[in-house]
Amino acid sequence: MDKVNILLVDDQPAKLLSYEVILEELGENLIKANSPHEALGILLKTEVAVVLIDVVMPQIDGFQLAAMIRDHPRFQKLAMIFVSGVQIAETDHLRGYEIGAVDYVTVPVVPEVLRAKVRVFIELFRKTRQLETMNSELEKRVAARTAELEAQTEKLRQSEERRSIALSAGNMGSWEVDLTTGHVEWDEGPYRIFDVDPKTFHPTAERIEAMMHPEDRDRNSVTAIVATGEPRFQVEFRIVRPSGEVRWCYGAGIISHDADGKPVRMTGVTVDVTDRKRAEERQLLLAREVDHRAKNMLAVVLSVLRLTKAKTTADFISTVEGRIHALAATHNLLSATRWQGANLRQIVDEELAPYRADHRERVTADGPAAMLLPATAQAVALAVHELATNAAKYGALSTDTGKLTLTWSIGPDALDLEWLETGGPPAAPPSSLGFGLSIVRSSIEAQFRGGVHYDWRPEGLCCRLLIPRAQIVNPEPAPQKTAPSPKADGNGHALSLSGKRLLMVEDEFLVGMMAKKLLESRGATVLGPYARLADGIAAARNERFDGALLDFNLAGELAEPLADYLIANGVPFIFLTGYQRDSIDRRYANIPLLQKPIEPESLERVLVSLLDSPTAVHALDAN
């Protein structure tokens, strides 16, 4: 144990020596001072535990020295013992205590008494120093712990800030439900997802469930989730925001139980997955659309094969190849625009390119920019292809002097395309249109309610095609045409299509043309085919018919409104589509469906069976 310092102050060396002998047994450092000035100097330089001061000294007595010591801030608690060799009065004792003396010792000094008193103050000094050391160490530990807690708090704050940023960036929110009290705790995320104000909306299980979509509410309520008995859960549900907007959410969490196994708390997160859901729906729709378009294209190709007539196999192959090439070229143009449309100039350039190679100066085409809808682009491509083929075989391009001029303009109601041949063999009206020119008329007139005018002039054919402005991408509103007046109908109930009037709504004109030709060969009267949903609905309301054939997808519009109208009026019908059965709304589960490409025998068989059904309504009168 370290020694402490004891200061002995007396002006008589003999007395100092006697104090030294008495206190030597304590084993501490004894420091002697012969005057008050010397004592003050030692105190300022050395830490002292106890001071023994002689009361009677020349110049400055013990009381004065004690007062001077107490006046210094460092010595406010220093233990001072007065030693007096003369009798002092009671007032002197009081004076000493007032100054700060802790005890009095009179001469002659009793060694044991002096040692005992000094020992007490030495021990007190040591205890005080130990407490100060312990306090200092404790303060250091407290400071270190405080710094550690502050660091952990800052780390936690940063972690919470990162979590909040991550939750916000991920459109997420965390929450907790006390299943005992029903109290719900939200962070800022759920307020943002539900689009409610934290100042006015106080979340409870009932209020939250009230904002769920009615179809999702029962199976995703707190009661329903807890009733499963599973400690963890994952659910998807819709919410209806105060604005009426519907959002998709994903919820995941864990249920905590007490010692008795009773559920007491639900903790989890909610994620807004609306964008993902919409992307999935778009992806599913895209897959269905790809399937639909592929089957439609196969149906178109099959229709080309079935409708093409030729005297020889070589002529058949050449004709089919030309028509399929025209379709393929247009398909490439549509693919480049993601099936938004095809540029008319590019269509014309593709179809006339083979003839310009040999007749560059004699084949000209010009007109303003026009982007045609997909189905219209295919029809126009085939029309131009058939006109060019006819010109090469029989018209202006079959001679060395003929010329072909193709011009078009866009009027307020229609795209006006003029095909003019000059300098070739004299043109004369044929007794009947061949298949190629029939395609031109059927594709433009029947499908789009456009106009086709043939003028067989001596100098060459002049053909004028009028295509409604609505078939141009982003057209101005076009006036609706009035459906033709209903024709008289003779109903029959035999097991055949003879005498049946059928409504056909189909946007692929070759598919419609093939089906119409087949049905008419079986004795049916076919109204259409109509390429647009609006035209089909207008015909359904104004014509009389026994049944209907509907393409489910009409240039991007689903035929559901027309199907619902037919069902409401008890009219039997079938779907002709490239979609799979599971892609059609379940409310049409009982409607017959034929997938494209269509087998003629299947089409006839299904229609005969459908129209002969006892529940079938064999005619729908115009409203």
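Biologist: At the start of α12, what does a side-chain oxygen of N343 reach?
Modeller: The backbone nitrogen of R345, and that oxygen of N343 comes to within 2.8 Å of the nitrogen. A polar contact here is a pair of N or O atoms within 3.5 Å; within protein, one must be able to donate a hydrogen and the other to accept it, and residues adjacent in sequence count only if both atoms are side-chain atoms.

Biologist: What should I know about the model and the numbering?
Modeller: This is a predicted model, where local features need pLDDT of at least 70 and side-chain atom pairs count only at pLDDT 80 or more, while totals for chains, interfaces and linings use all residues. Residues are numbered from 1 along each chain as its sequence is written, and side-chain values use heavy atoms, with hydrogens and water left out.

Biologist: OK, back to α12. What span should its 13 residues have?
Modeller: At 1.5 Å a residue, α12 (residues 344-356) should span 18 Å, and its end C-alpha atoms are 17 Å apart, which agrees. The expected span is 1.5 Å times one less than the number of residues. Helices (H or I, at least four residues) and strands (E, at least two) are DSSP runs, numbered from the N terminus.

Biologist: And where does α12 bend?
Modeller: At E350, by about 35 degrees, with a proline, P354, following within four residues. The bend is the angle between axes fitted to the seven residues ending at a residue and the seven starting there.

Biologist: Which residues of α12 are buried?
Modeller: L344, I347, V348, E351, L352, Y355 and R356. Buried means under 20% relative accessible area, exposed means over 50%, and partly exposed is in between (1.4 Å probe, protein chains only). As background, an α-helix has 3.6 residues a turn, so residues three or four places apart point the same way.

Biologist: How do α12 and α13 pack?
Modeller: At an angle of about 25 degrees, with the axes of α12 and α13 (residues 374-393) 10 Å apart. Axes are lines fitted to C-alpha atoms, for helices over the stretch in contact, and angles run from 0 to 180 degrees between N-to-C directions. The two helices are therefore roughly parallel; that label covers angles under 35 degrees, with over 145 roughly antiparallel, 65 to 115 roughly perpendicular and the rest oblique.

Biologist: Which hand is the crossing of α12 and α13?
Modeller: Right-handed. A crossing is right-handed if the near helix is turned clockwise from the far one by less than a right angle, and left-handed if anticlockwise.

Biologist: What about α15 and α18?
Modeller: α15 and α18 (residues 600-611) pack at about 60 degrees, axes 11 Å apart. They are therefore oblique to each other, and their crossing is right-handed.

Biologist: Which residues of α15 are buried?
Modeller: Among them are F509, L510, V511 and G512. Just after α15, G523 takes a positive phi of about 95 degrees.

Biologist: What about phi of D195?
Modeller: Phi of D195 is near 60 degrees, a positive value in a residue other than glycine. D195 is in the loop between α6 (188-194) and α7 (205-210), and is partly exposed, at 41% relative accessible area.

Biologist: What kind of peptide bond joins G528 and P529?
Modeller: A cis one, with omega about 5 degrees. P529 is in strand β19 (residues 525-530). In general, most peptide bonds are trans.

Biologist: Last one: where is R288?
Modeller: In helix α10 (residues 274-307). The C-alpha atoms of R288 and S583 are separated by 7.3 Å, though these residues are 295 residues apart along the chain.
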